[in-house]
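Dear colleague,

I am handing over the structure we spoke about, and it is placed just below. My notes on what turned up in it follow.

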Amino acid sequence: MTSGGGSDKQKQQIPNTSNYEPWAGTQIGQWLNQTVGPNLEENTRILKALLSAGDTRIVRFTCLGGQGPEAALVFFEGLADKVALEDRIIRPLQLGMRNGSSPFQGPRRDWPRRVAEDLLPISGHQILSNFDQAVGGLTAGQSLLLLDGAPGGVLLPTPGWKERAVEAAPTETTIRGPKVGFAENLQTNIALVRRHVQDPTLRVEPFEVGIRSKTKTAVVYIEALARPALVEEIRRRISRIDMDYVTDVRELSELMQPGYRGVFPMHSVTERPDRVSHMLYDGKVAVLVDGTPDALLAPFVLVENLISMDDYYIPRALATFDRILRLIAWVAVVFTPALYVAVSAYNPDVLKVELAIVLAGARVGVPLNAVLEVVLMGAMMELLQEATIRLPSKIGSAATVVGGLIIGQAAAQARLISNIMVVIVAITAIASFVFPVYEHGISWRIVGWLNVAMAAMFGIFGVFASMLLILFYLNSLESYGVPYLIPFSPLIPQELLANVLGRQAFWKRKRRPRSLLPRDERAAVTGEEAQP
Amino acid sequence: MRVGPRGRRWLASGLAALLLFGSGGCWDYHQLNERAFVLMMGIDPGPDGQGYHITTQKIIGEYLPGAQAGGGGGGAGKTPYMIKEADGRSIPAALEGIREKVHRDLDLSHLKVIVLGEDLARQKDLRTLDAIPRDMKIAETVFLSVAHGRARDVAMAPNRAEDVPALYVFHAYAGKYTRSLAVLAVPIWYAFDRTQTSPLIDTAAGGLAVDSQGEANFAGAAVWRGGEMAGWLSEGETAMLNFFLGFKGVDDFLQTEDEPCLSLRLTRGQVKRWADWDPDGTVVLHLRIQTAGMLVASDGPIVTPADEIRAENALAEEQKKKVEALIHHLQELASDPLGFGERLRRVDSTAPEVQSRQAWEEAYKRARVEVDSGVTFYERGLVR
């Protein structure tokens, strides 16, 4: 089986990065390893050298109205809230003593801690001892307070950068149910998940990924439900990432599966907290990355292509109907252009006679053969889809209409393509939008192109052979120990009916999907179904 | 040489690829509009009785109403099919002659009806024609029929019910709209299988003729005696044969010809046939037919159970007369499309009557016919 980077061979190739220091042997490395000493002049000089950037600010002042030590407050312009710096750090330090006792008494190494704990109305401070910690905190948006005569310093959270507010999920829209989508802030996203999952065993494990970027990442799971081996495997894969920077959850997804080159995703990526919470309750593990409005979910199986969050918010019969529609859409995306090529060029005998006659009539006078027709129109639709994403929404919709209808009709009238081809392209394009997650639609469009190539060479036999190859390939995949084709292979009929071909009634959902190997399969107190 | 698991995988992939190349490939590549779809093929004896004369009805898709046509003119008013004919010493040779006239590949994959001319059917052994489906990529489900007269005349005759006459015949055989029992739809696999599985079974095929309005239409059925056509059945006989062969019809009526006048709309029926010997050694052909339906017309009121029984008996008697008429006609023609001979052979394969075709024909002609006929009304409809 080929796992998403999980085979033994691949495991051996992953280097251990825990002792890797990219600045070893350089002046920067020496400074970073250096302890923050009591000399304020020396400390600010080193910091200036380390952070030689135009947006670094160092404010120096004297504490307790001149009776205390001199202090320096270091921060990045734009990342720190200046009002908070003034009101909650500088002013208390200049003016006040709390409870009549000065924090600048006793051993000098305790001054930073005592200032932060006794004087400043800011929680979440962090005492540091070396410049590596200082630089890490500053680049993460914290402010650094140094005191003359006292070794070490204190990092204070004073966030003041601008962020996008929590808004509706733009690409995974639903008609019913929650509308909220993730934002770019990791803490906000964790809070969004917590609001949905009020389980005492919800665990949030922080990680830093990227040797230089130190991107904050969180592994989120419900301890009572997630398989321990799955959690451990995700921890292992994250901790072994040796890249110097990671900025997005999709980058992380690829880095977590080194060696995997397939078109089918090994993780699902979602921007919906409610989807994450559903999956966590099924025993999955989520990974959130700071700066990304998406969550990564593992393991991922193929049938999730068909599941939309809307299914959980509409009546069961409608959800089942929608899933069948998505299956039809899948067939349309994967097979329609290929079958058109196959029957046009090789196997008209499989068509009903009337349909064969209509197709033959439609193709009269068209200079391009069926393969070129499909390639031309398919490529145009791919271009349109790409253009629609890049263009602003108002122009984008116009581009779709112009491209799809006007150009298609014009091409048909000019006899460059047949009218049937316009219908086929329209069916395929519309069907590809039915996939609840955008990337999955792209994967299957690529398979559709492979089928077209095989149909162009071998007709219907080629399409069957191509799908057999795809089937073999999919059957060889697994995501974190879960077969990719489950519940088709290995076959679990109950889950096939309950989770793929239809949506199980909530009152009947007494057990979690066995296919995901949850730690606790029970989804209800009793295993009995509710009686009317 | 030992082959490891990896090698076996490559070997299997190679074999699969080889099979794929063998199954289809770019040498079969022909666009739909580069093919000439033949829907009907008439086969007559060639000039001076040598070889074959083939008449084909080829579709012109662009001239069908509603089809997309080049230049914006469409195909309004144009005949959407083309007749091409050619002679040849063999059927493939004659088809090659037609291909040379249309300069496109003749695509027989959508051939729907093969019409044999009456002369050909009477002269040629049907068993020699089974090369048609085997060698020419023709579907086994093509319908076989025989023309009263020349197949060419039927293949060239128009029909106003459909744009393409071949489609009219095909749709009637396939039961797309309705199918009368008087239309005997026999696919070629059925016709050829029956002629080859046992010498004691004969085949039959629907008849086609050019009617008084000059259109191709259905006309009874042809029956074979061994490999050669023996004669024609009337429409009524065809309907009864159809019933016994198990083909279903829609809106079929059973109507008395004598008084009282009764009409029954048949909705279901059961038939059974077998053969055995009576005590004096004569072969007996047994036919049991039980039909049920809805009474749709009668001369007088049918109110009491006695009225019902009387009406049922009258219809059963009518039914019996029709069955007997059919069997007697088949006996005269020495044609056994209902397969009594084969049924008798299965009872006793050592019996002298089933040792040869000739012996069976003799016994068949002399055989006594016993018909058990029954009719049931399960619903009374409008009573006149």
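Please keep in mind that this is a predicted model. I begin with Phe264(A), which is buried because its relative accessible area is 3%, under the 20% limit. Across all chains the structure holds 13 aromatic pairs, and one of them joins Phe264(A) to Tyr473(A) in a tilted arrangement, with 6.4 Å from centre to centre and 40° between the planes. This pair links distant parts of the chain, since Phe264(A) sits in the loop between helix H9 (249–255) and strand E9 (268–270) of chain A, while Tyr473(A) belongs to helix H16 (residues 438–476) of chain A, 209 residues apart. Tyr473(A), at 29% relative accessibility, counts as partly exposed.

Phe264(A) also pairs with Tyr484(A): the ring centres are 6.5 Å apart and the planes stand at 65°, so this pair is edge-to-face. Tyr484(A) lies in the loop between strand E13 (482–483) and helix H17 (493–500) of chain A, and Phe264(A) in the loop between H9 and E9, so the pair ties together parts that are 220 residues apart in sequence. Both Phe264(A) and Tyr484(A) are buried.

Leaving aside residues up to four places away in sequence, Ser466(A) touches Leu450(A), Asn451(A) and Met454(A).

A further helix that I looked at is H7 (residues 186–196) of chain A, whose buried residues are Leu186(A), Asn189(A), Ile190(A), Leu192(A) and Val193(A). Because these residues cover an arc of only 155° around the axis, they lie on the same side of H7(A), and they pack against strand E7 (202–209), strand E8 (215–222), helix H10 (273–281) and strand E10 (285–289) of chain A. On the other side of H7(A), Gln187(A) and Arg195(A) are exposed. At the start of H7(A), a side-chain oxygen of Asn185(A) comes to within 2.7 Å of the backbone nitrogen of Gln187(A).

Definitions and conventions: Residues are numbered from 1 along each chain as its sequence is written. Chains are lettered from A and ligands numbered from 1 in the order in which they are written. This is a predicted model: local features need pLDDT of at least 70, side-chain atom pairs count only at pLDDT 80 or more; totals for chains, interfaces and linings use all residues. Side-chain values use heavy atoms; hydrogens and water are left out. Rings of Phe, Tyr and Trp (its six-membered ring) pair if their centres lie within 6.5 Å; planes under 30 degrees apart count as stacked, over 60 as edge-to-face and the rest as tilted. Helices (H or I, at least four residues) and strands (E, at least two) are DSSP runs, numbered from the N terminus. Buried means under 20% relative accessible area, exposed over 50%, partly exposed in between (1.4 Å probe, protein chains only). Contact means heavy atoms within 4.5 Å. The arc is that of the directions from the helix axis to the C-beta atoms. A polar contact is a pair of N or O atoms within 3.5 Å; within protein, one must be able to donate a hydrogen and the other to accept it, and residues adjacent in sequence count only if both atoms are side-chain atoms.
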